[in-house]
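Reader: Please show me the sequence and the structure. I would then like to ask about the helices and the loop.

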Amino acid sequence: MKLSQFHSLLRDEFGDGLAAVLLSDTRLTEFADLTPSQLLDAGEEPRIVWLAICRSQGVPKERWFGKNKPKRHAD
């Protein structure tokens, strides 16, 4: 996943305002409480960060690849 796709999915799912807050303020427990921004800055793959956000925020699996997109294997 490209970083631009990551940001597009984030905005589509959460809206511009909440997307920005999630990036900077959400602590992902599966990554030692680092924020998504910290993980991306450290070089983590955007896909891995996106899926961690989905899990932490309770996004239904059918939307992990975008709204109104066919379900694909994400795990």
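Author: The bend at a residue is the angle between two fitted axes, one through the seven residues ending there and one through the seven starting there. Helices are DSSP runs of H or I with at least four residues, and they are numbered from the N terminus. This is a predicted model, in which local features need pLDDT of at least 70, side-chain atom pairs count only at pLDDT 80 or more, and totals for chains, interfaces and linings use all residues. Residues are numbered from 1 along each chain as its sequence is written, and side-chain values use heavy atoms, without hydrogens and water.

Reader: On which residue is the kink in α1 centred?

Author: Helix α1 covers residues 3–25, and its end C-alpha atoms are only 19 Å apart. A straight helix of 23 residues would reach 33 Å at 1.5 Å a residue, the expected span being 1.5 Å times one less than the number of residues. The kink is about 115° and is centred on Gly15.

Reader: What covers the buried residues of α1?

Author: Buried means under 20% relative accessible area, exposed over 50%, and partly exposed in between (1.4 Å probe, protein chains only). Among the buried residues of α1 are Phe6, Leu10, Phe14 and Leu22. Their cover, counted by contact (heavy atoms within 4.5 Å), includes α2 (36–41) and α3 (46–57).

Reader: Is Ala32 buried or exposed?

Author: Ala32 lies in the loop between α1 and α2. Its phi is positive, about 55°, although Ala32 is not a glycine. With a relative accessible area of 67%, Ala32 is exposed.

Technical notes:
Helices (H or I, at least four residues) and strands (E, at least two) are DSSP runs, numbered from the N terminus.
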